[in-house]
Number of protein chains: 2
Amino acid sequence: MALITDIQRQEFSASYPEWQLDDSSISRTFAFDDFVGAMAFVTQVALLAEKAFHHPDIDIRWNKVTLTLSTHSEGGLTSHDTELAASIDAQI
Amino acid sequence: MALITDIQRQEFSASYPEWQLDDSSISRTFAFDDFVGAMAFVTQVALLAEKAFHHPDIDIRWNKVTLTLSTHSEGGLTSHDTELAASIDAQI
């Protein structure tokens, strides 16, 4: 699994502007009405993550959920990250 | 809801030594076999938290879950925090 190229980074950023793109990770904070809404989303993300066997860091702060994706084995961003981000965005 | 006293802090710390006691919060990291184990625990915690209407910060890192409890409206620790911690420990 190769790291994504600069052009792929730009394409991801253009297509998914809500995701913050850092050197080696992408992250997005999602807000819901309340904790129940946040947990419903986390459950959806968990099922997608387990299916892909690629697991975001998940931070829950009552009604807010921050996901951070990185491919630690490669030390940066791969298509595993961008594809899971796209799958997550397709659920909301 | 009053902040807990110094004596209550000492009692909590003695009874629940796995919880790290800071000025205004308590936290504990739980480790599981894998992400599925971590999510099963998070679901249990979420149900307890919603029942108590008191919600920890929850950080999921694959097989590890860190919970942080504080009563933000009081600016510190109350019995809401220590009682939810005790309920969580009783589940594992």
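Predicted model: local features only at pLDDT ≥ 70, side-chain atom pairs only at ≥ 80, totals over all residues.

Residues are numbered from 1 along each chain as its sequence is written, chains are lettered from A and ligands numbered from 1 in the order in which they are written, and side-chain values use heavy atoms, with hydrogens and water left out.

Two copies of a chain are related by a rotation about an axis and a shift along it.

Part of the meeting between the chains involves a pair of helices, where helices (H or I, at least four residues) and strands (E, at least two) are DSSP runs numbered from the N terminus. Two packed helices are described by the angle between their axes and the distance between the axes. The axes are lines fitted to C-alpha atoms, for helices over the stretch in contact, and the angles run from 0 to 180 degrees between N-to-C directions. How do the axes of α2(A) and α2(B) cross? They come within 11 Å of each other and cross at roughly 170°. That makes α2(A) roughly antiparallel to α2(B), on a scale where angles under 35 degrees count as roughly parallel, over 145 as roughly antiparallel, 65 to 115 as roughly perpendicular and the rest as oblique. A:F35, A:V36, A:M39, A:V42, A:A46, A:A49 and A:E50 of α2(A) make the contact with B:F35, B:V36, B:M39, B:V42, B:A46, B:A49 and B:E50 of α2(B), contact meaning heavy atoms within 4.5 Å. By class, these residues divide into 12 nonpolar, no polar and two charged, where Ala, Val, Leu, Ile, Met, Phe, Trp, Tyr, Cys and Pro count as nonpolar, Asp, Glu, Lys and Arg as charged, and the others, Gly among them, as polar.

Within chain A, helix α2 (residues 35-52) also packs against helix α3 (residues 79-91), at an angle of about 140° and with the axes 10 Å apart. The two helices α2(A) and α3(A) are therefore oblique to each other. On the α2(A) side the contact is made by A:F41, A:Q44, A:V45, A:L48 and A:A49, and on the α3(A) side by A:L84, A:S87, A:I88 and A:Q91. Six of the residues in this contact are nonpolar, three are polar and none is charged. A:L47, which is also found in helix α2 of chain A, is exposed, with a relative accessible area of 60%.

Some individual residues complete the picture. A:S25 sits in the loop between β1 (20-21) and β2 (26-31) of chain A and is buried, with a relative accessible area of 14%. Leaving aside neighbours within four places in sequence, A:S25 is in contact with A:Q20, A:T68, A:L69, A:S70 and A:L77. A:T5, in the segment before α1 (6-15) of chain A, counts as partly exposed at 41% relative accessibility; A:T5 and A:T78 are 73 residues apart in sequence and 8.9 Å apart in space, C-alpha to C-alpha.

In chain B, the backbone of two loop residues deserves a look. B:F53, in the loop between α2 (35-52) and β3 (57-61), has a positive phi of about 40° although it is not a glycine, and at 55% relative accessibility B:F53 counts as exposed. B:W62, in the loop between β3 and β4 (64-69), likewise is not a glycine and has a positive phi, of about 55°.

Definitions and conventions: Buried < 20%, exposed > 50% of the residue type's maximum accessible area, 1.4 Å probe, protein only.
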